Every structure is written in structure tokens, then in C-alpha cells.
Amino acid sequence: MRTILRKVFLVDLLQGMWVTFRTQHPKNIVTEQYPFERPKIAERYRGAPRLNVNPENGQTLCISCDLCALACPEALIVVGWERNPETKRKDLITFTFDTSRCMFCGLCEDACPVDALELTQDFELASYSREGAIFDRQILEEGIQPKKYVF
Amino acid sequence: MAETFLDSTELVLNMGPQHPSTHGVLRVIVKLDGEKVLGTECVIGYLHRGVEKIAENRTYTMFAPYVDRIDYIAAVSNGLGYCLAVEKLLNVEAPARAQAIRVILTELNRIGSHLLWLGTHALDIGAITPLFYCMREREYTLDIFEKYCGARLTTHAFRIGGLQYETYEGFEKECLAFCDLFLPKVDEYEELLTGNRIWRKRLIDVGILNEADCKAFGVTGPMLRAAGCKWDIRKALPYCGYEKYDFEIPTRENGDTYDRYMVRMQEMRQSARIIRQAVEGLPAGPITAKVPKVIKPPVGEAYVSIEAPKGELGYYIVSDGTTQPYRCRVRPPSFVNLQALDKMARGSLVADLVAIIGTIDIVLGEVDR
């Protein structure tokens with residue numbers, strides 16, 4: 001008798017409806033309105049790469065040791081350096097980081113002995129061309145500058 | 001009367017590879033008699049990336065991020081399996097703290113994986129609401145991953161010999177808060193689905209796979225447990241200190257789609273229980289064992305299997321003494337479980353086929369590798 005009554009009065013469906021009704025309250029809405037509302041990115045987030053510079057004199061921290069390039073599974077980092085005849089040290093000339101192939105595993109960051117290469121919280125990496133995904137030294141040091149699309 | 005093609009009752013149809021309810025790029029060739037399925041054949045390989053071959057020309061450290069891409073829904077479990085296999089080759093063991101953190105993260109990942117399964121499976125059957133709720137709770141696990149290791153999906157959380165990252169501030173509190181928040185939510189999903197008459201009619205006695213068939217096909221994970229076999233690698237061959245935690249292996253008898261649903265729901269509750277125990281007993285200490293910088297395991301081979309959300313996940317690595325593995329074979333649970341599809345689907349209706357594909361919980365990245 002009870003099961004028949006439960007069936008007739010659609011108790012199982014109403015039970016489910018009650019769950020959906022409970023979450024209608026505006027307090028319970030969890031959708032993030034992305035471009036208007038910025039997500040909170042974790043401190044350790046592995047996003048766009050950055051090549052750190054010394055804030056005092058603007059010189060690069062990179063010592064051109066090539067360890068990041070060796071650690072990279074996709075071999076997408078190319079470090080160009082030149083031996084300075086005066087100081088007998090390696091001077092960084094170019095640094096390219098191909099984010100189109102990067103899987104943001106963080107192995108380059110782990111390999112860096114001087115914390116020069118870092119993966120930042122910046123996650124908006126879209127570009128209008130494939131070449132735009134290849135970061136050169138300037139972009140790595142200054143960060144991505146959003147470009148306006150020109151027709 | 002001459003026979004025309006209209007007289008023939010059998011029809012061969014392609015389901016997929018872009019059918020939304022095949023959970024990726026699975027193509028199922030279905031032979032139909034009206035609505036009845038006479039036979040199925042899976043065509044796989046649309047997502048083949050050659051992960052096992054990639055392993056042969058990467059060093060051991062470099063290959064670790066690639067295993068996250070095998071089963072991208074349970075990336076942490078994959079990373080754990082690979083790290084354990086290489087650690088077995090190297091004959092090192094991760095410290096107690098690292099093991100406890102590994103357990104916490106893999107169990108969180110199991111909950112996340114089961115939640116995604118539940119949402120999409122319910123969506124296949126026709127219940128849209130659970131998907132949103134499941135995604136809402138899964139977000140919490142992803143947030144913990146993001147805060148812990150800096151990525152949400154392809155985490156690369158573990159390193160060979162231990163961990164790269166120490167826990168962040170408030171990690172324990174967040175995990176416990178998640179456990180508290182999550183258990184009532186499981187009841188909420190059950191309220192939506194378990195008693196629902198449509199859900200029950202669509203699932204009960206659909207896609208039955210009994211214990212003997214499960215063993216014959218090598219099916220593992222929740223599918224095997226739903227058929228009544230109490231087999232869980234975490235209990236049978238404990239790794240990462242699972243023998244220390246008190247939890248149960250949920251089983252059911254019939255082995256139909258409904259039982260598999262019930263088993264997974266119970267498993268989520270058990271996972272929350274393990275997380276709570278692991279967080280409360282989190283030991284202090286180092287997080288990495290002594291592992292050389294250049295990993296060069298001695299000549300030999302190792303097979304390690306772990307209980308991934310989908311079943312037994314195994315890594316078989318052959319070392320020839322160099323920095324790169326000679327062979328890395330992955331035993332993916334969903335690839336093996338998928339083989340039972342034909343057995344389960346024969347004689348059922350097309351709509352049931354969708355339910356059966358959903359209940360296997362396949363990830364095509366893992367099937368094709």
C-alpha cells in the first residue's frame with residue numbers, strides 16, 4: 001500500500017525536485033562570471049613563463065647554464081649565450097620559450113639553480129598566430145603585453 | 001515476392017567516434033535488429049599518441065608529466081603508479097610523510113574521477129542535474145590540486161622518490177573541510193538518483209556481467225566489485241601504506257549497471273574516510289628519499305599495479321641501465337574493461353548500450369594511450 005501511494009504521488013521525483021529547489025537560492029550559485037570576475041589563482045600555479053631580472057639594475061638573473069633546456073621533456077627552450085672575454089662568464093644573448101608545445105610540467109622551473117626561470121600565475125596565453133606563442137627574451141622578461149587585433 | 005533491401009532486418013551502424021555519449025572518440029560498430037543490439041565491435045585508436053614509445057626516448061624524470069595525459073581525469077593516480085614503478089626499480093621507498101600526502105591526493109583524485117563519471121553517466125541516462133552538482137564538488141578537489149602542485153588537471157604532483165612540493169598552509173584544514181562538505185553531498189546525489197524510478201528502470205538488470213565473466217575478461221575495479229568479488233589492490237597488495245588505513249571494500253552481487261553505480265557511490269564515501277584518517281595522522285619529516293639527480297636504475301624490470309579509480313593500473317618498466325627506460329608498458333584499466341562491452345551489450349537495446357558504455361567509465365586517452 002505504501003509503495004503504491006509513493007508511486008501515485010511521485011514521491012521519488014518530488015524528492016529530487018526538492019534537492020534542485022534547495023540550490024536555487026542566490027547564495028548557492030557557484031558559477032564564476034569569468035571575464036568580469038577574475039579567478040583566484042593559486043600561488044604555485046604553473047602558467048606563463050617569466051625570466052626574472054634583478055629589480056635593482058634590470059640585469060637578467062639567468063646564468064646561461066642551459067639546465068632548463070636539458071630538463072625540458074619537449075626540448076622547447078633554447079638558450080643563446082656568448083662567452084664574455086673580459087669577465088670570462090657566459091652572457092645571455094637570446095632566450096626562446098615555445099609555449100605552443102609547453103605542457104607546463106614545471107621541470108624547467110625545478111632545474112633552474114638561480115630561480116631565474118619561473119612559471120607565473122598568468123594564464124591567458126592566447127595569441128593570434130602560431131609565432132605569437134613563441135616567447136622571446138623580451139616577452140619573457142616583461143610579461144605578455146595584450147595586443148589589439150588589427151583587421 | 002522478390003526480396004528487397006527493405007526486407008532485411010539487420011542494420012550495421014556506426015556509433016561514434018564523435019557521439020557525445022561514447023565519452024570521447026570511441027567508435028562502436030553496432031549490428032542492430034530494430035532496436036535490439038545483435039553485436040558490437042569497438043574501434044579504438046583515434047586518440048593514440050604513442051605514450052609508451054615516447055617513454056623510450058625520454059629520461060625517467062622527463063617522462064613523468066606524460067603519464068598524467070594517459071588518464072587525464074585521474075592524473076594523480078597515473079603519476080603515482082609510474083613513480084612507484086621507478087622507485088621499485090631503484091629500490092627506494094618514499095618517506096612516510098610523502099606516502100601519506102600521496103594517499104590523500106590519490107583519494108581526492110578518486111573522488112574527482114568518480115564525480116565526473118557520475119555526472120556524465122547520469123547525463124547519458126537523461127538526468128542533467130547531477131552533472132552540475134558533481135562539477136561543483138569536483139571543483140573543490142581541483143582547487144586543492146591547484147594550490148598544492150600548481151595545476152588542476154595534468155598535475156605532475158609526484159616525483160620519483162617522493163614529492164617536489166611541501167604541503168601549503170591550510171592543506172590539512174582544506175582536506176578535512178572537503179570531507180565534511182562532501183559526505184552530505186553524496187547523500188544529495190543519492191536523493192536525486194537512487195530512488196528515482198526512471199533511474200532504476202534504466203539501470204537495474206542492464207549490462208549484467210557476472211564474476212566469472214569479469215575474471216575471464218580481466219575486468220577490474222568497481223565493475224569487478226559490483227559483481228561480488230572483493231578485490232581491491234589497496235587491500236590485496238597494499239602500496240603507499242594503505243594497510244594502515246581502515247576502510248571497507250564495497251561490493252554488490254548482481255553486477256548490473258545499478259550495482260556499479262552503488263559501488264562507486266560507496267567508494268566515494270570510503271575515499272573520504274581514508275582522506276580523513278591520512279590527514280589526521282599526517283606524519284612530519286622529509287618528503288623525498290635519497291634519489292640521485294640523474295636517475296639510472298640498474299638493469300632489471302619492475303611491475304607495479306595500483307588501484308586507480310577505474311581499476312587496476314599497472315606500469316611495467318624494463319631498464320637497460322641507461323637514463324631512459326627500455327620499455328614502458330602501461331596496463332590501463334579502461335582498455336581492459338572496455339573489452340567486456342560486447343558481452344554486456346548483446347541482446348540489449350540501443351538506449352541501454354549508451355548506459356553500458358557510461359557504466360564502464362572509460363577515458364579514451366587511457367584506452368588508446
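What follows is a short chat about reading the pockets, the chain contact and the salt bridges of this predicted model.

Me: Before we start, how should I read the labels and values?

Reply: This is a predicted model, where local features need pLDDT of at least 70 and side-chain atom pairs count only at pLDDT 80 or more, while totals for chains, interfaces and linings use all residues. Residues are numbered from 1 along each chain as its sequence is written, chains are lettered from A and ligands numbered from 1 in the order in which they are written, and side-chain values use heavy atoms, with hydrogens and water left out.

Me: How do I read a pocket, and what is the volume of the largest pocket?

Reply: Rolling a probe the size of a water molecule over the atoms shows where empty space is left. On a 1 Å grid over the protein atoms alone, a pocket is an open set of points where a 1.4 Å probe fits, with protein on both sides within 12 Å along at least five of seven lines; lining residues have an atom within 4 Å of a point. Points are joined across faces, edges and corners, and the volume is the space filled by probe spheres set on them. Here the largest pocket comes to about 990 Å³. It has 27 lining residues, and closest to its centre are Val30(A), Glu32(A), Arg136(B), Glu139(B) and Asp143(B).

Me: Which element gives the most to the lining of the largest pocket?

Reply: Elements are DSSP runs numbered from the N terminus: helices (H or I, at least four residues) and strands (E, at least two). H5(B) gives the most, with ten residues. Helix H5 (129-149) and helix H6 (171-193) of chain B each supply at least two.

Me: And the second largest pocket, which residues are closest to its centre?

Reply: That pocket holds about 840 Å³ of space. Of its 24 lining residues, Leu107(A), Thr61(B), Pro292(B), Lys293(B) and Val294(B) are the closest to the centre. H2(B) gives the most to this lining, with four residues.

Me: How do I read the contact between the chains, and how many residues does it take from each?

Reply: Contact means heavy atoms within 4.5 Å. Chain A brings 28 residues and chain B brings 30. Buried area is the accessible area (1.4 Å probe) that two parts lose on being put together, summed over both. Between chain A and chain B that is about 2,400 Å², with carbon and sulfur atoms giving 51%.

Me: What about salt bridges, and how many are there between chain A and chain B?

Reply: A salt bridge is a side-chain nitrogen of Lys or Arg within 4 Å of a carboxyl oxygen of Asp or Glu. The count between the two chains is three. Arg58(B) and Glu74(A) form a salt bridge at 3.9 Å, N to O. Over all chains, the whole structure has 36.

Me: Where do Lys53(B) and Glu56(B) lie?

Reply: Both sit in helix H1 (residues 51-56) of chain B, three residues apart, about one turn of the helix.
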